[in-house]
Amino acid sequence: MRNDRLFGVGVALVTPFKEDDTVDYTALDLLIEHIIAGGINYIVVSGTTGEPATMTASEREQLRNYIRKKVDGRATLVLGIGGNNTRAVVDEIKSTDLTGFDSILSIAPYYTKPNQRGIYAHFEQVAKASPLPVILYNVPGRTSRNVEPDTIAALAHDFPNIAAVKEASGSIAQLMKIIEKTPDDFMVISGDDALTVPMMAVGAKGVISVAANVAPAQCVRMVKAASSGDFTTASQIHYKLLDLMDTLFEDGSPAGAKAALKMLGIMEEHLRLPLVEVCDTVRLKIKAALDKALTA
């Protein structure tokens, strides 16, 4: 169940909200058309960037049904289902209508800080429950526990439907160890916009990107160049995008992305607490970085 539809640029889709905290489906339409026009390869629905932790189960269901219908086969769809309660994650996978979705993205358990045996056991249950390929999501800066290369390799070898890892440890050395230890058809995907080009230089197969909400065409050109071995062009685009990639996270994510998307006329900046809008100083930096990025 390895999955070649995960090559290229995946977008960690933000969820637009109105001032009254409801989902802004008009803005969502604009965002979807913006990223598809930019040539992205796949969309991650209800990943952590989409603020699913602040949404009810019925809101998440309505959102994924709407996106599935709106995209209508124009891009591959990946669904985020994860958490730190293994039983609840498994139950959600089994009870969710996965029609139209190609893979599941599942974050490593957070807060409880399980050891590597616990992380393996968690993803073992996820793999056994999932009828779709699974993308592990390793982001120790948010979960407080790194999924070690040996653990990822064991899961990749033991469960053919564990197809990929979104690797956001920030360590290229770790990424290389994962590539070295996992099967040849296992995909390692950058989970860090700013490290995508160097990660692809040593074997990563693209990115699941926050910045691609804002500058999809530029991110796609960068990744296509790197995929073809043209790292001169990829690096040129990378340096045009680098300030944007950094500033989008400077005062919280997805607050930075929503600020930039407001500047593009796509949505308002509304977030659900405890997330709040970026400060004015960061907003000015995002504007300058966006202007630079759009020249790439």
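**Close-up views of a predicted model**

**View A. Strand β4 has Ser103, Leu105 and Ile107 pointing one way and Ile104 and Ser106 the other way, and all are buried.** Buried means under 20% relative accessible area, exposed means over 50%, and partly exposed is in between (1.4 Å probe, protein chains only). Helices (H or I, at least four residues) and strands (E, at least two) are DSSP runs, numbered from the N terminus. β4 covers residues 103-107 and is mostly covered, with 5 of its 5 residues buried. This is a predicted model, where local features need pLDDT of at least 70 and side-chain atom pairs count only at pLDDT 80 or more, while totals for chains, interfaces and linings use all residues. Residues are numbered from 1 along each chain as its sequence is written, and side-chain values use heavy atoms, leaving out hydrogens and water.

**View B. Here is β4 with its partners β3 and β5.** Two strands pair if DSSP finds at least two bridges between them. β3 and β4 run in the parallel sense, paired over 3 bridges. To find one of these links, look for valine 78, whose bridge partner in β4 is serine 103. Together, β3, α3 and β4 form a right-handed β-α-β unit. On to the next pair: β4 and β5 (residues 134-138) are also parallel, with 4 bridges between them. Isoleucine 107 has tyrosine 137 of β5 as its bridge partner. To get from β4 to β5, the chain passes through helix α4 (residues 116-129), and this β-α-β crossover is right-handed. Right-handed means that, with the strands pointing away from the viewer, the path from the first strand over the helix to the second runs clockwise.

**View C. Which residues of helix α2 are buried?** They are Arg60, Leu63, Arg64, Ile67, Arg68 and Val71. These residues sit on the same side of α2, because they cover an arc of only 130 degrees around the axis. The arc is taken from the directions from the helix axis to the C-beta atoms. What do the buried residues of α2 pack against? Their neighbours are α1 (25-37), β2 (42-45), β3 (76-80) and α3 (86-95). You can check the helix's length too: at 1.5 Å a residue, the 15 residues of α2 (residues 57-71) should span 21 Å, and the end C-alpha atoms are 21 Å apart, which agrees. The expected span is 1.5 Å times one less than the number of residues.

**View D. Ile43 and Ile67 touch the most other members of the largest nonpolar core, which has 103 residues.** Such a core is a set of buried Ala, Val, Leu, Ile, Met, Phe, Trp, Tyr and Cys residues joined through side-chain atoms within 4.5 Å. Helix α1 gives the largest share of this core, 7 residues. Zoom in on isoleucine 43: not counting residues up to four places away in sequence, it touches Val11, Leu13, Ile35, Val71, Ala75, Thr76, Leu77 and Val78. Contact means heavy atoms within 4.5 Å.

**View E. Threonine 49 is in the loop between β2 and α2.** Is threonine 49 buried or exposed? Its relative accessibility is 9%, so threonine 49 counts as buried. Leaving aside neighbours within four places in sequence, threonine 49 is in contact with Ala12, Leu13, Val14, Val210 and Pro254.

View F. Most residues other than glycine have a negative phi, and most peptide bonds are trans. Proline 274 belongs to the loop between α11 and α12 (280-293).

**View G. Aspartate 72 and lysine 113 have a positive phi without being glycine.** Lysine 113 has a phi of about 55 degrees and is found in the loop between β4 and α4. Lysine 113 is partly exposed, with a relative accessible area of 42%.
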